[in-house]
Amino acid sequence: SNIMRWWNPNNVIGWFDELVSRGVTTIRISDEMFLLNKKYYVPLLELLSHRDYADQLRLWVYSRVDSVNEKYLELLRKAGVRWIALGIESANTSIRREITKGSFKDTDIRDVVKEIRDHDINVIANYLYGTPEDTLETMQQTSDLACELNTEMMNCYCVQSLPGSQLYLEAKQKGWVLPKDFVDWSFHSYGTLPLPTQHLQPAEVLKFRDEAWHRYFTRPEYLNMIEKRFGLHAKEHIQDMTKIRLKRKLLGD
(Lines give C-alpha, C1' and ligand atoms only; values in the text may rest on other atoms or scores of the structure.)
Protein backbone atom coordinates (compact mmCIF):
# COMPACT_ATOMS: atom_id res chain seq x y z
CA SER A 1 0.00 0.00 0.00
CA ASN A 2 1.17 3.56 -0.77
CA ILE A 3 -0.99 5.05 1.98
CA MET A 4 0.97 6.81 4.72
CA ARG A 5 -0.28 6.29 8.25
CA TRP A 6 0.11 9.13 10.74
CA TRP A 7 0.17 8.61 14.49
CA ASN A 8 -1.71 10.99 16.77
CA PRO A 9 0.85 13.22 18.58
CA ASN A 10 -1.16 12.94 21.81
CA ASN A 11 -0.58 9.19 21.73
CA VAL A 12 3.05 9.44 20.70
CA ILE A 13 3.95 11.80 23.55
CA GLY A 14 2.80 9.11 25.97
CA TRP A 15 5.41 6.75 24.52
CA PHE A 16 8.09 9.39 25.06
CA ASP A 17 6.95 9.86 28.66
CA GLU A 18 7.18 6.13 29.26
CA LEU A 19 10.68 5.88 27.74
CA VAL A 20 11.94 8.84 29.76
CA SER A 21 10.50 7.34 32.94
CA ARG A 22 12.57 4.22 32.23
CA GLY A 23 15.77 6.23 31.88
CA VAL A 24 16.03 6.21 28.09
CA THR A 25 17.98 9.22 26.82
CA THR A 26 18.62 8.48 23.12
CA ILE A 27 15.61 7.99 20.85
CA ARG A 28 15.58 7.67 17.08
CA ILE A 29 12.37 8.62 15.29
CA SER A 30 12.63 6.18 12.41
CA ASP A 31 10.20 7.98 10.10
CA GLU A 32 12.49 8.85 7.19
CA MET A 33 10.19 11.73 6.22
CA PHE A 34 9.62 13.08 9.74
CA LEU A 35 9.98 16.74 8.69
CA LEU A 36 7.80 16.40 5.60
CA ASN A 37 4.47 17.60 6.99
CA LYS A 38 4.37 20.27 9.70
CA LYS A 39 0.74 19.37 10.42
CA TYR A 40 2.02 16.22 12.13
CA TYR A 41 5.53 16.97 13.40
CA VAL A 42 4.96 20.45 14.88
CA PRO A 43 2.31 19.34 17.43
CA LEU A 44 4.61 16.57 18.68
CA LEU A 45 7.57 18.92 18.94
CA GLU A 46 5.45 21.42 20.86
CA LEU A 47 4.35 18.73 23.30
CA LEU A 48 7.97 17.68 23.82
CA SER A 49 9.18 21.26 24.25
CA HIS A 50 6.61 21.84 27.02
CA ARG A 51 8.22 19.05 29.02
CA ASP A 52 11.61 19.35 30.67
CA TYR A 53 13.22 16.96 28.21
CA ALA A 54 15.48 19.17 26.07
CA ASP A 55 18.51 18.64 28.33
CA GLN A 56 17.72 14.97 28.94
CA LEU A 57 17.01 13.61 25.49
CA ARG A 58 19.14 13.14 22.42
CA LEU A 59 16.55 12.78 19.69
CA TRP A 60 17.51 11.71 16.18
CA VAL A 61 15.19 12.53 13.27
CA TYR A 62 15.32 12.17 9.48
CA SER A 63 14.61 14.64 6.72
CA ARG A 64 15.12 15.32 3.05
CA VAL A 65 17.27 18.39 2.49
CA ASP A 66 14.41 20.27 0.86
CA SER A 67 12.03 19.52 3.76
CA VAL A 68 14.02 21.37 6.42
CA ASN A 69 12.25 24.60 7.40
CA GLU A 70 14.46 27.05 9.30
CA LYS A 71 11.33 28.41 10.98
CA TYR A 72 11.05 25.22 13.05
CA LEU A 73 14.71 24.53 13.89
CA GLU A 74 14.51 26.35 17.21
CA LEU A 75 11.46 24.28 18.13
CA LEU A 76 13.30 21.10 17.13
CA ARG A 77 16.15 21.96 19.47
CA LYS A 78 13.80 22.85 22.34
CA ALA A 79 12.10 19.49 21.87
CA GLY A 80 15.42 17.69 22.42
CA VAL A 81 16.45 17.02 18.81
CA ARG A 82 20.25 16.83 18.74
CA TRP A 83 20.72 15.14 15.36
CA ILE A 84 19.08 15.51 11.96
CA ALA A 85 19.89 12.85 9.37
CA LEU A 86 19.74 14.46 5.94
CA GLY A 87 19.19 12.55 2.72
CA ILE A 88 21.54 14.60 0.56
CA GLU A 89 22.15 11.63 -1.78
CA SER A 90 24.28 13.38 -4.44
CA ALA A 91 26.04 16.66 -5.17
CA ASN A 92 24.53 16.57 -8.65
CA THR A 93 21.09 18.19 -8.87
CA SER A 94 20.02 16.12 -11.87
CA ILE A 95 20.86 12.89 -10.04
CA ARG A 96 18.95 14.00 -6.94
CA ARG A 97 15.91 14.66 -9.11
CA GLU A 98 16.25 11.24 -10.71
CA ILE A 99 16.43 9.54 -7.31
CA THR A 100 13.22 11.25 -6.16
CA LYS A 101 11.48 11.06 -9.56
CA GLY A 102 11.55 14.82 -10.00
CA SER A 103 10.09 15.70 -6.59
CA PHE A 104 13.35 17.11 -5.17
CA LYS A 105 13.20 20.92 -4.94
CA ASP A 106 16.22 23.04 -5.79
CA THR A 107 17.80 23.72 -2.41
CA ASP A 108 21.13 25.19 -1.35
CA ILE A 109 22.49 22.26 0.64
CA ARG A 110 25.23 24.37 2.19
CA ASP A 111 22.71 26.85 3.58
CA VAL A 112 20.51 24.10 5.01
CA VAL A 113 23.42 22.43 6.82
CA LYS A 114 24.61 25.78 8.19
CA GLU A 115 21.12 26.68 9.45
CA ILE A 116 20.83 23.36 11.28
CA ARG A 117 24.23 23.66 12.92
CA ASP A 118 23.58 27.30 13.84
CA HIS A 119 20.78 25.95 16.03
CA ASP A 120 23.19 23.61 17.84
CA ILE A 121 21.87 20.53 16.06
CA ASN A 122 24.31 17.99 14.61
CA VAL A 123 24.01 16.73 11.05
CA ILE A 124 24.23 13.17 9.76
CA ALA A 125 24.65 13.45 5.98
CA ASN A 126 23.61 10.46 3.87
CA TYR A 127 25.00 9.95 0.35
CA LEU A 128 24.48 7.43 -2.45
CA TYR A 129 27.08 6.18 -4.89
CA GLY A 130 26.14 4.25 -8.02
CA THR A 131 22.89 5.86 -9.11
CA PRO A 132 22.01 5.04 -12.75
CA GLU A 133 23.53 8.28 -14.09
CA ASP A 134 26.62 8.26 -11.85
CA THR A 135 30.11 8.50 -13.31
CA LEU A 136 33.44 8.67 -11.52
CA GLU A 137 33.21 12.44 -11.95
CA THR A 138 29.76 12.81 -10.38
CA MET A 139 30.68 10.50 -7.50
CA GLN A 140 33.82 12.58 -6.93
CA GLN A 141 31.64 15.68 -6.77
CA THR A 142 29.56 14.02 -4.07
CA SER A 143 32.65 12.99 -2.10
CA ASP A 144 34.04 16.52 -2.37
CA LEU A 145 30.74 18.01 -1.17
CA ALA A 146 30.72 15.65 1.83
CA CYS A 147 34.21 16.79 2.81
CA GLU A 148 33.32 20.44 2.29
CA LEU A 149 30.23 20.21 4.51
CA ASN A 150 32.26 18.28 7.12
CA THR A 151 29.17 17.21 9.05
CA GLU A 152 29.45 15.54 12.44
CA MET A 153 28.51 12.20 10.92
CA MET A 154 28.36 10.83 7.39
CA ASN A 155 26.97 7.67 5.83
CA CYS A 156 27.58 6.67 2.23
CA TYR A 157 26.00 3.70 0.52
CA CYS A 158 26.18 1.94 -2.81
CA VAL A 159 22.89 1.64 -4.66
CA GLN A 160 21.49 -1.87 -4.28
CA SER A 161 18.34 -3.56 -5.54
CA LEU A 162 16.98 -4.55 -2.15
CA PRO A 163 14.26 -7.24 -2.23
CA GLY A 164 10.82 -5.69 -2.44
CA SER A 165 12.02 -2.50 -4.13
CA GLN A 166 11.31 -1.32 -7.66
CA LEU A 167 15.04 -1.60 -8.37
CA TYR A 168 14.90 -5.29 -7.43
CA LEU A 169 12.17 -5.93 -9.99
CA GLU A 170 14.15 -3.98 -12.59
CA ALA A 171 17.32 -5.94 -11.82
CA LYS A 172 15.46 -9.23 -12.23
CA GLN A 173 13.98 -8.11 -15.54
CA LYS A 174 17.37 -7.00 -16.88
CA GLY A 175 19.18 -10.08 -15.64
CA TRP A 176 21.63 -8.23 -13.40
CA VAL A 177 23.63 -10.37 -10.99
CA LEU A 178 22.10 -10.29 -7.50
CA PRO A 179 23.42 -11.56 -4.14
CA LYS A 180 22.83 -15.27 -3.57
CA ASP A 181 23.08 -15.19 0.22
CA PHE A 182 20.77 -13.08 2.38
CA VAL A 183 23.70 -11.67 4.37
CA ASP A 184 25.17 -10.17 1.20
CA TRP A 185 22.33 -7.68 0.95
CA SER A 186 24.11 -5.89 3.79
CA PHE A 187 25.99 -2.81 2.64
CA HIS A 188 29.00 -3.81 4.72
CA SER A 189 29.17 -7.53 4.01
CA TYR A 190 32.07 -9.33 2.35
CA GLY A 191 29.89 -10.35 -0.58
CA THR A 192 27.93 -7.11 -1.02
CA LEU A 193 27.02 -6.48 -4.65
CA PRO A 194 26.08 -2.96 -5.82
CA LEU A 195 24.24 -2.32 -9.06
CA PRO A 196 26.07 -1.16 -12.17
CA THR A 197 25.45 2.34 -13.49
CA GLN A 198 25.13 3.31 -17.15
CA HIS A 199 28.85 4.11 -17.04
CA LEU A 200 30.42 1.99 -14.29
CA GLN A 201 30.72 -1.63 -13.19
CA PRO A 202 29.70 -2.68 -9.64
CA ALA A 203 33.34 -3.12 -8.58
CA GLU A 204 34.15 0.46 -9.61
CA VAL A 205 31.25 1.81 -7.56
CA LEU A 206 32.16 -0.25 -4.50
CA LYS A 207 35.85 0.67 -4.66
CA PHE A 208 34.99 4.36 -4.92
CA ARG A 209 32.53 4.17 -2.03
CA ASP A 210 35.00 2.49 0.33
CA GLU A 211 37.78 4.94 -0.53
CA ALA A 212 35.44 7.93 -0.15
CA TRP A 213 34.35 6.67 3.28
CA HIS A 214 37.94 6.28 4.46
CA ARG A 215 38.95 9.64 3.05
CA TYR A 216 36.16 11.40 4.93
CA PHE A 217 36.81 9.95 8.38
CA THR A 218 40.61 10.29 8.32
CA ARG A 219 40.79 13.97 7.38
CA PRO A 220 42.42 16.25 9.99
CA GLU A 221 39.62 18.80 9.43
CA TYR A 222 37.05 16.24 10.47
CA LEU A 223 38.97 14.79 13.38
CA ASN A 224 39.76 18.23 14.80
CA MET A 225 36.09 19.23 14.56
CA ILE A 226 35.01 16.04 16.35
CA GLU A 227 37.52 16.58 19.16
CA LYS A 228 36.37 20.15 19.62
CA ARG A 229 32.68 19.24 19.65
CA PHE A 230 32.64 15.86 21.40
CA GLY A 231 36.03 15.45 23.05
CA LEU A 232 39.23 13.50 22.59
CA HIS A 233 37.59 10.14 23.33
CA ALA A 234 35.24 10.52 20.35
CA LYS A 235 38.14 11.42 18.07
CA GLU A 236 40.16 8.41 19.23
CA HIS A 237 37.17 6.13 18.72
CA ILE A 238 36.90 7.24 15.08
CA GLN A 239 40.63 6.79 14.56
CA ASP A 240 40.34 3.23 15.88
CA MET A 241 37.37 2.61 13.59
CA THR A 242 39.22 3.69 10.45
CA LYS A 243 42.04 1.22 11.15
CA ILE A 244 39.65 -1.57 10.17
CA ARG A 245 39.20 -1.82 6.40
CA LEU A 246 36.28 -3.81 5.05
CA LYS A 247 37.16 -6.89 3.00
CA ARG A 248 35.26 -7.16 -0.27
CA LYS A 249 34.92 -10.29 -2.40
CA LEU A 250 34.09 -8.14 -5.43
CA LEU A 251 37.43 -6.35 -5.10
CA GLY A 252 39.47 -9.54 -4.81
CA ASP A 253 40.08 -9.50 -1.04
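Rings of Phe, Tyr and Trp (its six-membered ring) count as a pair if their centres lie within 6.5 Å. The legends below follow such pairs through a predicted model.

**View 1. Aromatic pairs in the whole structure, with Tyr157 and Phe187 as a first stop.** Searching the whole structure turns up 13 aromatic pairs. One of them joins Tyr157 and Phe187, whose ring centres are 5.0 Å apart. With 55° between the planes, this pair is tilted. Tyr157 belongs to strand E5 (residues 153-158), while Phe187 sits in the loop between helix H7 (166-174) and helix H8 (202-218), so the contact ties together parts that are 30 residues apart in sequence. Both partners can be looked up by accessibility: Tyr157 is partly exposed at 25% relative accessible area, and Phe187 is partly exposed at 29%.

**View 2. An edge-to-face pair made by Tyr216 and Phe217.** Here the ring centres lie 5.1 Å apart, and the planes meet at 75°, so the pair is edge-to-face. Tyr216 is buried, with a relative accessible area of 1%. Phe217 is buried too, with a value of 1%.

**View 3. Arg28 over the ring of Trp60.** For another charge over a ring, look at Arg28. Its charged end sits over Trp60, at 5.5 Å from the centre of the ring.

Methods: Residues are numbered from 1 along each chain as its sequence is written. This is a predicted model: local features need pLDDT of at least 70, side-chain atom pairs count only at pLDDT 80 or more; totals for chains, interfaces and linings use all residues. Side-chain values use heavy atoms; hydrogens and water are left out. Rings of Phe, Tyr and Trp (its six-membered ring) pair if their centres lie within 6.5 Å; planes under 30 degrees apart count as stacked, over 60 as edge-to-face and the rest as tilted. Helices (H or I, at least four residues) and strands (E, at least two) are DSSP runs, numbered from the N terminus. Buried means under 20% relative accessible area, exposed over 50%, partly exposed in between (1.4 Å probe, protein chains only). A charge sits over a ring if NZ of Lys or CZ of Arg is within 6 Å of the ring centre and within 35 degrees of the ring normal.
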